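I opened my notebook to get to know a new structure.

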Amino acid sequence: MATKQVSHSRPARRPTSRTLLEILRHCTRRLAAARLHYGHGTDNAGDDAAALVFHVLGLEGELTERDLARRPAQQDQLAIDALVTRRIKERVPAVYLTHRIWFCGLPMYVDERALIPRSPIAELIEARFQPWVDPAKVRRILDVGTGSGCIAIACALAFPKAKVDAVDISPDALDVARINRKAYGLTRRLRLVESDYFSALQGPPYDIIVSNPPYVGTSEFKGLPAEYAHEPEGALRAGRDGMDAVKVLLREALRFLTPQGILVVEVGNTETTVRRQFRNWPFIWLEFERGGGGVFLLSAADLQKMAKDL
Ligand SMILES: C[S@@+](CC[C@H](N)C(=O)[O-])C[C@H]1O[C@@H](n2cnc3c(N)ncnc32)[C@H](O)[C@@H]1O
């Protein structure tokens, strides 16, 4: 007599077949319940959910009602669930799961070798640094601590006649910047240089030196949410009070600026320390329509005047 084969192993759990709208709502609920930290390109659970879902399904732009009513394949639903689980359990910022973020309206590739682009300096680049420079006269730009290359690439596109140099001490970050430079076809006009601040640079001065350097002090670093642990430590930490990089920029930028040049530096929450330690300096603290702050501007003339204080 033939015996009937009975399997005692449980079948793998599969999500029930959901519509895209149900998937988006379900992911948003899971993320919201996990009380995550946002601030790496998205600022709420719904946007994070959309980023992960769009990534897996290869979606772009606005969704129609018809899109929302469709039922993605089970394997895609499983892939979405897996990404949401990683976002929650490992606290990986969504951008490091999708590898894509927009900066100045430009898609950029990023992975854990480079900081996730989010600098408010984007707004200034979109305004072509006006009214602080005459864009028609800008020939050379330097980005110090370029990371993914986002600032340098956006500058190169905003100033099509300018040459851009971008330095970083991290070969890993420069590898990411190379990926983005290639995607934008800027290999000839954007030079990527491994350099400890200005050390590997010589040659003609720059009309604009822009930098989003590390500026997190020891105690602020210890209090950062778990998401930040996925970013390179060297992109965030700048000594005990967060001032190590800022001091180098204030001390050395003048030598690399044209007489009409400007220095623009993001210092985030370290603004208070900068104001306290450099009390008499004529910093212009910039304001941004889309939020964010802690960015100062100094002209070469002002740096020249203050050089005696250093
Ligand atoms: C806050 S991240 C900014 C990255 C990018 N500019 C952005 O806005 O997304 C700072 C960058 O400075 C780089 N950096 C740190 N120390 C440096 C140094 N001594 N010389 C040059 N770059 C440095 C880090 O590797 C990191 O890529």
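Below are my entries on the domains, the ligand and one residue I picked out.

**Entry 1: the model.** I noted at the start that this is a predicted model.

**Entry 2: the domains.** I looked up how the protein chain is divided, and the assignment gives domain 1 as residues 20-98 and domain 2 as residues 115-309. Next I checked the spacing of the two, and their C-alpha centres are 32 Å apart. I then asked how many residues of each domain are in contact with the other. Domain 1 brings eight residues to the contact and domain 2 brings six. Sorting the domain 1 side by class, I found four nonpolar residues, three polar ones and one charged one.

**Entry 3: the ligand.** Which residues are closest to the ligand? I wrote down Gly145, Gly147, Ile169, Asn212 and Ala235, from a surrounding set of 23 residues. Helix α7 (150-158), strand β4 (163-168) and helix α10 (233-236) each give two or more residues to this shell. By class, I listed the shell as twelve nonpolar, nine polar and two charged residues.

**Entry 4: Thr273.** I found Thr273 in helix α12, which covers residues 271-277. Why does Thr273 count as partly exposed? Thr273 has 16 C-beta neighbours inside 10 Å, so it falls in that class, between the limits of 12 or fewer for exposed and 20 or more for buried. Leaving aside residues up to four places away in sequence, I saw that Thr273 touches Asp241, Gly242 and Met243. Last, I compared Thr273 with Trp102: they are 171 residues apart in sequence, and their C-alpha atoms are 30 Å apart in space.

Notes. Residues numbered from 1 in each chain as written. Predicted model: local features only at pLDDT ≥ 70, side-chain atom pairs only at ≥ 80, totals over all residues. Domains from an automatic or database assignment. Contact = placed C-beta atoms within 7 Å. Nonpolar A, V, L, I, M, F, W, Y, C, P; charged D, E, K, R; others polar. Near = placed C-beta within 6 Å. Helix = DSSP H or I, 4+ residues; strand = E, 2+ residues; numbered from the N terminus.
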